[in-house]
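Here is a walk through one chain and its contact with a partner. Keep the structure open as you read.

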Amino acid sequence: MNENVHTLSGAYALDALPPDELRAFERHMTQCPDCEREVRSLRETAARLAASVQQAPPPSLKGRVLSEVGRTRQASPIVAAAPDRRAGPRGRLTASRVTAAVLALAAVLTGVLFLRAQDQLDAERVTGERIAAVLAAPDTRRVSARVGEATATAIYSPRKASAVLVTAGMRELPASQDYQLWLIGADEIRSAGLMPEEPAPVLATSIRAGDRLGITIEPRGGSRQPTTRPLAVLPLPSS
Amino acid sequence: MTGPETRPEQAPPRATSPVPDLLARVGRGDQEAFSRLYDHIAAPLYGVVLRVVRDPSQAEEVLQEVLLEIWRLAPRYEAGRGSAMAWMTTIAHRRAVDRVRSEQASSERDVAAGHRAMAGQDYDVVIETVAGKLERERVRRCLDTLTELQRQVVTMSYYGGYSYPEVASLLTTPLGTVKTRMRDGLIRLRDCLGVEA
Ligand SMILES: [Zn+2]
C-alpha cells in the first residue's frame with residue numbers, strides 16, 4: 001500500500017471513492033488507526049454539511065415508516081469476544097495485539113460492513129450474525145499464530161463447533177491464488193473455505209474435537225486437498 | 001466574519017441533544033423512541049438525500065429505506081465509533097450516492113448538474129427549521145474560509161454525489177489534486193466548525 005493511501009480519508013468521508021479504491025481504503029483503515037481516527041472526525045464534519053441543508057420530508061412519510069418498523073426485525077447486536085482469554089500453546093499474541101485483532105474485527109463488522117450496498121449487505125449480514133453468535137458464545141477461546149509478518153487469530157467455540165478467524169497484515173496474493181482454510185483432523189483434512197480478498201472475519205463450522213485450523217496458499221478457487229505446506233496451523237483446544 | 005455573538009460557529013452542545021439517547025433506546029427495540037427519533041432526524045436526512053438524488057419522490061423512497069435501515073441496525077451502533085447523528089447521516093448519504101451512481105448512465109448527470117451542485121449556486125433551498133437555518137449559517141461561514149477549489153470539490157462530491165474522479169473530470173483538475181483538496185478542505189471545515197471526534 002503506497003503512502004498516498006492516507007490522503008484518501010477525505011474522499012472516503014465524502015463517499016467519493018470508486019469501488020476499487022473504497023475497498024482498498026477500508027482494508028487500509030483496519031490497520032491504520034490514524035486514518036480511522038481522521039475519518040471519524042471527517043464523517044462528523046460531513047454530517048454538519050448534511051444538517052445545514054435540512055428540510056422536512058412530506059408528513060405522510062412518518063406513518064409509513066412507523067408501520068414498517070412494526071414489521072421489521074432488528075439485527076442482533078454485535079458482541080465482542082468474551083473476556084475469557086486463553087492463548088493456546090502456540091499462541092504468541094500479546095493481549096494488546098489480541099485486542100487489536102478484535103478491534104479490527106469490530107471495525108469490519110460495525111463500521112465498514114454496514115455502509116455497503118444493500119444486496120452485498122444482506123449476504124454479509126447473515127454471515128455477520130453467525131459470526132456474532134460465535135463471538136458471543138460463553139465458551140470461546142482464542143488461539144493466535146504468526147504468519148510471516150501477519151497474524152491469524154481464531155476465536156473458537158467448542159459448543160457451537162465453530163471458529164471465527166481474523167487475520168491482519170496478510171500478504172496480498174496474485175490473482176491466480178487464494179488463501180484456503182482447512183480443518184485438519186486425525187485422519188482427514190476438510191476444506192473450511194477460502195479467505196475473502198478483503199480482510200474480513202471468516203467463519204469455519206462443523207469443527208470436530210481435535211481439529212486444527214490450517215491456512216495454505218492454493219490456486220485460485222481452492223483445492224480439494226491442500227497442495228502446499230501450511231503457512232500456519234492453529235490448535236483448537238476444546239478445554 | 002466574526003459576529004458579535006460568541007463563537008457562532010461552534011456546534012450546538014451535544015449533551016442537550018436527545019438523539020444519542022433515543023438511538024440507544026431504539027437499539028433495544030423501543031418503537032416509541034423510534035417515533036421520537038424520527039422527529040429529530042427526518043429533516044437533516046431528507047435534506048441531504050434530496051440534495052444528492054434531486055428528485056423529491058426518489059428522495060422520499062431512499063429516506064424510507066434509510067430510516068428502516070437505522071431501525072434495523074440500531075442494536076449495532078456503538079457510541080465509541082462516532083456520534084449517533086454522524087452514523088445515521090453516513091447511512092443516508094451512502095444510500096443516496098448508491099442510488100444516483102447506479103442510475104447514472106452518466107448521461108443523465110451532465111456537467112451542468114455538477115456545476116449546479118456547487119456551493120453557493122444551489123444553496124437557496126427552503127430551510128424549514130430554525131435549527132437548520134442556524135446550522136446553515138454556521139456551515140456557510142466556515143465554507144467561506146475554504147479556498148475556491150476546496151469548496152468546489154467538497155460540495156460537488158457531498159451534495160452532488162460525484163466520485164472524486166468525476167469531480168476531477170468535471171473541473172478538469174488532476175485526480176491527485178482533487179483528493180488532496182477534499183481532505184484538506186474537510187479538515188479546514190472540521191477545524192472551523194470545532195468538530196470533535
Ligand atoms: Zn492511513
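Start with burial: of the 197 residues of chain B, 55% count as buried. Keep in mind that this is a predicted model. The accessible surface of chain B comes to about 8600 Å². Carbon and sulfur atoms hold 51% of that surface.

Now the fold. Chain B has nine helices and zero strands. Among contacts in chain B with a separation of 6 or more, 66% join residues 24 or more positions apart.

Next, turn to chain A. The contact takes 80 residues from chain B and 63 residues from chain A. The area buried between the two chains is about 6500 Å², and carbon and sulfur atoms give 59% of it. Three arginines stand out on the chain B side. B:Arg76, B:Arg81 and B:Arg94 supply 14% of the area that chain B buries against chain A, more than any other three residues.

What about specific pairs? Between chain B and chain A, 26 residue pairs are in polar contact. Six salt bridges cross the interface. In one salt bridge, the side chain of B:Arg183 meets that of A:Glu38 at 2.5 Å, N to O.

Which elements build the chain B side? Those giving two or more residues include helix H1 (19-27), helix H4 (84-103) and helix H9 (175-193) of chain B. H2(B) gives the largest share, 13 residues. By type, the residues of chain B that touch chain A divide into 40 nonpolar, 17 polar and 23 charged.

Terms used. Residues numbered from 1 in each chain as written. Chains lettered and ligands numbered in written order. Predicted model: local features only at pLDDT ≥ 70, side-chain atom pairs only at ≥ 80, totals over all residues. Heavy atoms only, no water. Helix = DSSP H or I, 4+ residues; strand = E, 2+ residues; numbered from the N terminus. Buried < 20%, exposed > 50% of the residue type's maximum accessible area, 1.4 Å probe, protein only. Contact = heavy atoms within 4.5 Å. Areas by Shrake-Rupley, 256 points an atom, 1.4 Å probe, with all protein chains shown as cover. Buried area = accessible area lost by both parts, 1.4 Å probe. Salt bridge = Lys/Arg side-chain N within 4 Å of Asp/Glu carboxyl O. Polar contact = N/O pair within 3.5 Å; in protein donor to acceptor, adjacent residues only side chain to side chain. Nonpolar A, V, L, I, M, F, W, Y, C, P; charged D, E, K, R; others polar.
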